[in-house]
Every structure is written in structure tokens, then in C-alpha cells.
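Visitor: Please walk me through this model slowly. I would like to learn how to read its features one at a time.

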Amino acid sequence: MRWLTLYARSRQVPASLAVVVISAVAVWALARDGSAGPGDPRPAALVLATGAMAVSIGLGGQDLALDRTAAIRWASRRATHVLLAGAVVAAVLLAVQTMGEDITTAAFVVRDSAGLMGLVALGAALSGGQFGWTLPFAWLSFSFFAPPPTSAPMQVATWMLLPPGTAAGTWTALVLAVTGTTVYAFAGPRR
């Protein structure tokens, strides 16, 4: 149990969790005024992206050389870290929604959380843990300002904002989740 506490502290889990909760409550409170409109996916996508970006800092340890030379298998720990972080980000949004008006469905939350965590993991593998947030930030920014998704490539590009059950959104999130988690689990964060 002590190793788990040390691991959580070294990966800045308490601070990340605080940011996830605060951002979820803040966006939920702002979305309650109804200005976003019913069924608007942007507040939920913003909460999930902010949560994924907050936990991205923990995907790189304090000393990457020490992580790489440790006599333990990191692949399973890295994959578990990504999956648990995605579950926590999703659970926080779903828990905040129980305080009042629902801003989205559970299917939307699960799909976007999985895809965003895959993007964060891929970003950590390509750029390091401190820059793992850049991919979800860039993709979310593009999605907010992109034209309506009338073609398949635009549906893939705006998967975060598509309604749940949309094939392009679901498959894009699944591919990002599997690819990002696998690359990060085996390669680790970039130096």
C-alpha cells in the first residue's frame, strides 16, 4: 500500500484530482444558466478535456531515467494509470451531474473520456508528460470552431462533439484510446 501512496504522490495525483473536481464543478455551474442550450455537448467536452489535460502531468515521473531503469514492469502500470485516470475523469463529471441538471449522457462521457485519455497518453509518449495536454487541447479547440460535420473526415475531426452512438465518433474515440494507451504503456513518456 505504501508504494501506491508514493506512486500517487510522485505522479501528482492529489493535485490533478483537485483540478479535475474544481473544473467539473465550475463548468457545471456555468452551464446551469442555460445559455449553452439543451443538448449542447460543448460543456461536457470541455469538462472531460480539462480533466484529461489535468491528469496528463502525472504521466511523466519526477525522474525518467529512474523510471526506465527500475526493476519493475512499467507497461501494465502505465496502462492502468491511463485507464484509471480516464475512469476518474468520467466519474467526476457523472457525479457532478447528480447535483442537478444533466448536461450529457453517460455514453457520451465514457466515449469522450476514453478518447481524450488516449490522446493524452499519445501526447505524453510523443512529447513527454508535461506536454501531454497539447493534443487534446488542440483537438478540442479545432472541434469548437470547425464547420458542421457533414462529411466523414469532418465527423472524425469533431468526434468529441458528436452525439453518442455516432459510428465515426465512437470508432475515433476507440482507436485513440487503444493506440494512445498502447504506445504510452510500452514506450513510456518521452524525455
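Guide: Let us begin with contact, which means heavy atoms within 4.5 Å. The model is predicted, so local features need pLDDT of at least 70 and side-chain atom pairs count only at pLDDT 80 or more, while totals for chains, interfaces and linings use all residues. Residues are numbered from 1 along each chain as its sequence is written, and side-chain values use heavy atoms, with hydrogens and water left out.

Visitor: Which residues is aspartate 112 in contact with, leaving aside its neighbours within four places in sequence?

Guide: Aspartate 112 is in contact with Ala45, Leu48, Trp159 and Met160, once its neighbours within four places in sequence are left aside. Aspartate 112 is found in helix 6; helices here are DSSP runs of H or I with at least four residues, strands are runs of E with at least two, and both are numbered from the N terminus.

Visitor: Does the model place aspartate 112 as buried or exposed?

Guide: Buried means under 20% relative accessible area, exposed means over 50%, and partly exposed is in between, computed with a 1.4 Å probe on protein chains only. Aspartate 112 has 0% relative accessibility, and therefore counts as buried.

Visitor: What should I know of threonine 158, in the loop between helix 8 and helix 9?

Guide: Threonine 158 lies in that loop and, at 4% relative accessibility, counts as buried. With neighbours within four places in sequence left aside, threonine 158 is in contact with Ser143, Ala146 and Pro149.

Visitor: How many aromatic pairs does a search of the whole structure find?

Guide: A pair of aromatic rings is described by the distance of the centres and the angle of the planes. Rings of Phe, Tyr and Trp (its six-membered ring) pair if their centres lie within 6.5 Å, and planes under 30 degrees apart count as stacked, over 60 as edge-to-face and the rest as tilted. The search of the whole structure finds two aromatic pairs. Tryptophan 133 and phenylalanine 137 form an edge-to-face pair, with 5.9 Å centre to centre and 70° between the planes. Tryptophan 133 is partly exposed at 34% relative accessibility, and phenylalanine 137 is partly exposed with a relative accessible area of 43%. Tryptophan 139 and tryptophan 159 have ring centres 6.2 Å apart and planes at 85°, so this pair is edge-to-face. Because tryptophan 139 lies in helix 7 (residues 134-145) and tryptophan 159 in the loop between helix 8 (152-157) and helix 9 (167-187), the pair ties together parts that are 20 residues apart in sequence. Tryptophan 139 is partly exposed, with a relative accessible area of 22%.

Visitor: At what angle do helix 5 and helix 6 pack?

Guide: Two packed helices are described by the angle between their axes and the distance between the axes. Axes are lines fitted to C-alpha atoms, for helices over the stretch in contact, and angles run from 0 to 180 degrees between N-to-C directions. Helix 5 (residues 74-97) and helix 6 (residues 106-127) pack at about 145°, with their axes 9 Å apart. In helix 5, Val82, Ala85, Gly86, Val89, Ala90, Leu93 and Leu94 meet Ala106, Val109, Ser113, Met117 and Ala121 in helix 6. By class, this contact of helix 5 with helix 6 has 10 nonpolar, two polar and no charged residues, where Ala, Val, Leu, Ile, Met, Phe, Trp, Tyr, Cys and Pro count as nonpolar, Asp, Glu, Lys and Arg as charged, and the others, Gly among them, as polar.

Visitor: Which residues touch the most other members of the largest nonpolar core?

Guide: In soluble globular proteins, nonpolar side chains tend to be buried together. A nonpolar core is a set of buried Ala, Val, Leu, Ile, Met, Phe, Trp, Tyr and Cys residues joined through side-chain atoms within 4.5 Å. Of the 38 residues in the largest nonpolar core, Leu93, Leu116 and Trp159 touch the most other members. The largest share of this core, nine residues, comes from helix 3.
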